[in-house]
Amino acid sequence: MPRLHSAAELEELRAGILSGRDPEMPCIAVCAGAGCHGLDSGRVVSAFEEEVGKLSLGAKVTIRATGCHGFCEKGPNVVISPGAICYFEVKPEDVPDIVAHTVKGEVLDRLVYTDPDTGQKAVHLGEVPFYKHQTRLLIGDNPRIDPMRIEDYLALGGYAALSKALFEMSPDQVIDEVKKANLRGRGGGGFPAGLKWETAKNAPGADKYVIVNGHEGEPGAFMDRALFTGNPHLVLEGLIIGAYAIGAHQGFIYTRHDSPQLIAHIERALAQAEEYGFLGENILGSGFNFRVELHFDVGIFVSGESSALMQSIEGNPPEPRSKYIRTSVSGIWDRPSNLNNVETWANVPQIISRGAEWYTSIGTERSKGTKLISLSGHIMNSGVAEVPMGTPLRTIVYDIGGGVPGGKAPRAVHLGGPMGGSIPERLIDTPLDFDELAALGAPIGAGGLLVMDDETDMVEVARYLLEFLTNESCGKCVPCREGMRQMLKILTNITKGKGKSDDIGRLEDLSDVTGVACLCALGKTAPDPLRSMLRYFRDEFEAQIASGTEAR
Amino acid sequence: MRDDKIDQIIDQHRGMPGSLTRVLVEIQHENHWLPRGVLRRVAEALDVPFSRVMQIATVYKTFSLTPKGRHEVHVCTGMSCHLRGAAGLLDAVQRLIGIKPGETDAESRFSLETGSCLGTCSIGPEIIVDGTHHGRMTPAKAEDVLKHYR
């Protein structure tokens, strides 16, 4: 494939891809996302390929191994288009039946979704309760894309936003659009992306960098991997648009070393983008040059923090620095470096294609667009969901998540991972909104939502989270290294029945000091889960100390 | 040790100090640990001081400076797996293979690691053996899984 040299050539190529495709031809999309992969979906894919080969149906059915569909709990997932017929918990033995029914245009009844309460069946994706309450703007394309094939992304309109930005908009117009859309960072901070871009653009220096933070170290968060593995070009397109707006010619992708599939898909996407002329010199004939390098985290939580991540890219140990000067002004090699999370970048192409006005019609007053949520813990339907900002947590936990197994009541909903917070069940009608949840002490964070049932011991959860963070502290600053160690010691004593009456006061004092004195966000927010638990579940701590017995 | 593979990795990045972490990741994936002699060769080929190589090799948790067993067992102790009983599962695995996290048994059959979330929370708690996920584990199922690895 020769490089594309203009917007017209891109549209010509797209038309060519579409004309070679028959929308009526059945396509069997097998989820090969992390959860389904762990449930052996690889064997399901092989079984489909074998069956189609055996019956010489290659011209009548397409098999596609795709990224995460979302409903991990019921994996391996299979979606058949046209019609988006969903089959769940598919085993290799089911494959001949599925193929036979698909070529006849029939539905295989025994594998469709059955409501555990009513026994009602749901055949199409839009009818399955898990999907019905979602707005899948980012992850919805996953079942339609083979992540190893750029053609699939192009067929769905891929890189049209890049072409629009390059040829119809100035860099300032792109930044204005993102600012108007009020796109807020999806990695945890919720900082307006447009403002960050503007800071990087206006910062002195000719060499600037843009970075995808694909570290996703937050336990219980797996939506970025689902999106990046399943649709790598979407993130890449957002990054290239951002680079154009900011005036960066070098980008970095920083991601996990322990997900071979993710790495393979990103490397392939980078190579294909270069081959087609979306990366490299003179992108689409616009005169804009941009390259991307791939870097890995090697198993340290704090390297997801922006300044530590940039240290790591430079080849230094990932230790954060204090940010008197923002990384968007002085980051990698002291140059302006704009870092956004995977999901933030993935939002950019649709904002450019469909406009800020459309984008701001979704969400709440101060939180726009949709948000990917990783649902896990004590929940019936775990997986990756995407909902408009402002969706009540109740909808996510009950309508999408199906509630707590065994009909139990949730005790708490935990958001934001180890630096987030837990809120009690009575606040479950709170909308998913950056500011409202932060005010309650349970910030959205990256989007991990854990449900804890009524048998959960909150003191033990607080201890667990502090243990995690104590182990992950890089040790550079004393308040974090020592403060957390002492808090962990006190909490461990409480869980062992050796709590003292003034322990809660001491924990609060230590939380206050670490909260203000630590160098980076890891330390500053480390006491937050404990704070939220003392705020809402204080009686449990008091009872545990008073009882003097070992926790369950 | 697969020396030719390691040489190949080093050669690809010869004279590129910026590739240090990348080279170590690739060698770790290929060889499962980083022998001192190999680290010396990396320092020489990439033109970085040996002290720098050691700094990077010791700061990241994934790098191992000691040999690993034939099979690497990873018990996820991420928060979701924790809520679903990872602590009990880890106890059972420790009992079954007789080693603690970070250790390798005397016959070099197993190395045990715990670690943060691998993103497959939906099928937790789980153990991962040589990269293969075994989800929805119970102590009894773990015994069944582990006996297949010799």
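1. Start with the hairpin of strand 13 and strand 14 of chain A: 5 residues sit between the strands, and G416(A) there takes a positive phi near 85°. If you want one bridge to look at, take A412(A), whose partner in strand 14 is P424(A).

2. A word on what you're looking at: this is a predicted model, where local features need pLDDT of at least 70 and side-chain atom pairs count only at pLDDT 80 or more, while totals for chains, interfaces and linings use all residues. Residues are numbered from 1 along each chain as its sequence is written, and chains are lettered from A in the order in which they are written.

3. Now, where do the two chains touch? Chain A brings 30 residues and chain B 29 residues; a contact means C-beta atoms, placed from the backbone, within 7 Å. On chain A's side, helix 2 (34–38), strand 11 (370–377) and strand 15 (448–453) each give two or more residues. Helices (H or I, at least four residues) and strands (E, at least two) are DSSP runs, numbered from the N terminus.

4. Chain B has 7 helices and 4 strands, in the order α-α-α-α-β-α-α-β-β-β-α from the N terminus. The C-alpha trace of chain B spans about 50 × 30 × 20 Å along its principal axes. Of the contacts in chain B with a separation of 6 or more, 60% join residues 24 or more positions apart.

Conventions: Two residues are in contact if their C-beta atoms, placed from the backbone, lie within 7 Å. Two strands pair if DSSP finds at least two bridges between them.
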